[in-house]
Amino acid sequence: MTALADPSSGALWATSLRRWNTVCWALFGAMAVGLVATAPPGGSAYQALGLLACVVLCYAALDRFPGNPVVRPHVYLSVLVLALGGLAYLGSSYAALFMVTLPHYWMFGRTPRGSMVFLALATGSTLTGALVRQGWSAEFFGETVVSTLIVVAVGVLIGLWAHSVVEQSSERARLIEELERTQAQLSEAHQRQGAADERERIARDIHDTLAQGFASIIVLAEAARAGMAGDPARSAQQLRSIESTARENLAEARELVGSARQPGPGRVATGSVARTLRRTLDRFAEDTGLTVVADLADPECDQQTRIALLRCTQESLANVRKHARASTVGVVLARRPYGVELEVTDDGTGFVVEESRGFGLDGMRKRLAELGGRLTVTSSVGDGTRILAVVPLTGEVEA
């Protein structure tokens, strides 16, 4: 009987149909026995059994072969309407068949309007058959018309309630399916966003560490090669710097691989942020020969803030090395009431900030924004550059 249900009706409707199917076959059998046992002598009993057999055969064909091209739901309901009129005319248990098949109008009518139409036709056919047999009388009106209309009214109320329950169940199932689909889409979008964020983080870390280290190695190698003949001691110092930078890059590469295995922000050695920046500035001054003036406080900060301050310093110094043509670099690290402030200035050629499209500045802005901080870049052609990074430290205590 599942196939007889509207596909949109859902499991509740299909289960109800299966249960009613079992009851219906039992009632059909009881009606056949009743017709044989109680029918008056003559051919009316055989005619009534023939009409009941037509109804049962159509119902069986629709039940067992729901996709057959001959007995469709509306065909069965039409046969049922005619059979009810014939049984009412013969006076042979038509009321029992009418009540037994009452749910069929809602099962096979497909829509409430279709069900109501066939139910009205069945009512009219039944009353017409009874009227032709009995004639118009007070008994006909009181016993047949009133009782039939009461049964029909109850059937209409029950049918409309059942359709309402089915529609609510179908709507609930549709909403649940939509919710599950939306949750799956959101989960997939979050996974894609997480992968994109992780790729961006790795790209930023590579740019801030390995790429800067390789650029430093290239510059030192070129300087060492150029000074081999005239200043061997200076070239030897530059070669030692190349070796040191390469070792640091190797350590950074291993750190990046480790952070990829365990997602999260990159790591640097824990300890004083001021000492970490001091080592970076000393290496920069040694490699470039520029004057570095540093005023470094030593605020206590978490690992992510320490990383952000170190990366911003490395990127700023790399820009000075590559673009500024400066002679002096100033670095100030200070603890302010609103957080930690890192300022890097140079007396180089400067640039037009609005025209800058470098990955480094964008990377610094994003890194600071992840911590609730901000980056301010001030520069103009011929007037040097000022980089100001601010990171809030809520609840942290200055060392």
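**Overall architecture of the predicted model**

Among the contacts in the chain with a separation of 6 or more, 71% join residues 24 or more positions apart, where contact means heavy atoms within 4.5 Å. The structure is a predicted model, in which local features need pLDDT of at least 70, side-chain atom pairs count only at pLDDT 80 or more, and totals for chains, interfaces and linings use all residues. Residues are numbered from 1 along each chain as its sequence is written, and side-chain values use heavy atoms, with hydrogens and water left out.

The secondary structure of the chain consists of 11 helices and 5 strands; these are DSSP runs numbered from the N terminus, with helices (H or I) of at least four residues and strands (E) of at least two. Of the 399 residues, 40% count as buried. Here buried denotes under 20% relative accessible area, exposed over 50%, and partly exposed the range in between, with a 1.4 Å probe and protein chains only. The chain exposes about 21,300 Å², of which carbon and sulfur atoms supply 61%. Such accessible areas come from the Shrake-Rupley method with a 1.4 Å probe, and for residues only the protein chains shown count as cover.

The interior was examined through its nonpolar cores, each a set of buried Ala, Val, Leu, Ile, Met, Phe, Trp, Tyr and Cys residues joined through side-chain atoms within 4.5 Å. In soluble globular proteins, nonpolar side chains tend to be buried together. The largest nonpolar core has 37 residues, and F28, Y76, L97, Y105 and L119 touch the most other members. Two or more residues are given to this core by each of α1 (10-38), α2 (44-64), α3 (73-90), α4 (94-100), α5 (102-108), α6 and α7. Helix α3 provides the largest share of this core, 8 residues. When neighbours within four places in sequence are left aside, L97 is in contact with F28, M31, L52, L80, L84 and L87. A second, separate core of 32 residues includes A308, L310, L375 and V391.

Helix α6 (residues 112-134) has 23 residues and reaches 32 Å from its first C-alpha to its last, close to the 33 Å expected at 1.5 Å a residue. The expected span of a helix is 1.5 Å times one less than its number of residues. Among the buried residues of α6 are G114, F118, L119, A122 and L127. G135 follows α6 and has a positive phi, near 80°. Helix α10 (residues 303-324) has 22 residues, which should span 32 Å at 1.5 Å a residue; its end C-alpha atoms are 30 Å apart, which agrees. Because 17 of the 22 residues of α10 are buried, this helix is largely enclosed by the rest of the structure. Just after α10, R325 takes a positive phi of about 55°.

Helix α7 (residues 138-227) contributes the largest share of the nonpolar patch, 6 residues. W136 lies in the loop between α6 and α7, and counts as exposed because its relative accessibility is 64%.

Side chains of opposite charge can pair when their charged atoms come close. The structure holds 7 salt bridges, each defined as a side-chain nitrogen of Lys or Arg within 4 Å of a carboxyl oxygen of Asp or Glu. In helix α7, E171 and R174 lie 3 residues apart, about one turn of the helix, and their side chains meet in a salt bridge (2.4 Å, N to O). R174 also meets E178 in a salt bridge (2.5 Å, N to O); because R174 and E178 are 4 residues apart in helix α7, they are separated by about one helical turn. E171 counts as partly exposed at 36% relative accessibility, R174 is likewise partly exposed at 36%, and E178 is partly exposed at 32%. A further salt bridge joins the side chains of R336 and E341 (3.3 Å, N to O). R336 is partly exposed, with a relative accessible area of 32%, whereas E341 counts as buried at 13%. Through salt bridges that share partners, E171, R174 and E178 are joined into one network.
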